[in-house]
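Student: I have a protein chain to look at. Please show me how to read its features.

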Amino acid sequence: MEISNLILVRQVCEIHEVEWRFIESLTEKGLLKIQIIETEWYIPIDELMVLEKWMRLHYDLEIGMESLDIVADLLDKIDHLQKESRTLRTRLNLYE
């Protein structure tokens with residue numbers, strides 16, 4: 001991945017006024033992907049929306065860090081069920 005598609009984590013922390021530890025925790029839980037180049041942490045640009053989603057859940061809705069894993073699992077299950085529902089509707093339309 002090119003460095004032009006990456007943003008320094010410390011810049012993101014400053015801009016969004018979020019603690020480094022928050023991003024580190026998301027990364028440890030596997031909820032956010034980062035890249036380490038030399039000693040600097042970078043967030044791929046396409047991961048910014050993911051970070052903002054977790055920030056809204058944590059800071060705006062006051063969902064604890066330990067609960068974000070559960071929320072992530074539930075969101076994955078909802079996504080899977082929606083895809084399955086679309087597939088079943090498509091198959092059903094073939095028989096109508």
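Tutor: Begin with the nonpolar core: a set of buried Ala, Val, Leu, Ile, Met, Phe, Trp, Tyr and Cys residues joined through side-chain atoms within 4.5 Å. Buried means under 20% relative accessible area, exposed over 50%, and partly exposed in between, with a 1.4 Å probe and protein chains only. This is a predicted model, where local features need pLDDT of at least 70, side-chain atom pairs count only at pLDDT 80 or more, and totals for chains, interfaces and linings use all residues. Residues are numbered from 1 along each chain as its sequence is written, and side-chain values use heavy atoms, leaving out hydrogens and water.

Student: Which residues touch the most other members of the largest nonpolar core?

Tutor: First the general idea. In soluble globular proteins, nonpolar side chains tend to be buried together. Here the largest core has 22 residues. Phe-22, Ile-23, Leu-26, Ile-43, Leu-51, Trp-54 and Leu-68 touch the most other members. Two or more residues come from each of α1 (9-16), α2 (20-28), β3 (40-44), α3 (48-60) and α4 (65-95). The largest share, 5 residues, belongs to α3.

Student: What is Leu-26 in contact with, leaving aside its neighbours within four places in sequence?

Tutor: Contact means heavy atoms within 4.5 Å. Leu-26 is in contact with Leu-31, Leu-32, Leu-51, Trp-54, Met-65 and Leu-68, once those neighbours are set aside.

Student: How many helices and strands does the protein chain have?

Tutor: Helices (H or I, at least four residues) and strands (E, at least two) are DSSP runs, numbered from the N terminus. This chain has 4 helices and 3 strands. Their order from the N terminus is β-α-α-β-β-α-α.

Student: Why is the chain described as more spread out than a compact globule?

Tutor: Compare two numbers. The radius of gyration is taken over C-alpha atoms, and the globule rule is 2.2 Å times the number of residues to the power 0.38. For 96 residues the rule gives 12 Å, but this chain has 17 Å, well over that value, so it is more spread out than a compact globule. Along the principal axes, the C-alpha atoms fill a box of roughly 60 × 35 × 20 Å. Of the 96 residues, 30% count as buried.

Student: Is Glu-38 buried or exposed?

Tutor: Glu-38 is exposed, at 76% relative accessible area. It lies in the loop between β2 (35-37) and β3.

Student: Where is Glu-62?

Tutor: Glu-62 sits in the loop between α3 and α4. Its phi is near 55 degrees, again positive in a residue other than glycine. Glu-62 counts as exposed, with 68% relative accessibility.
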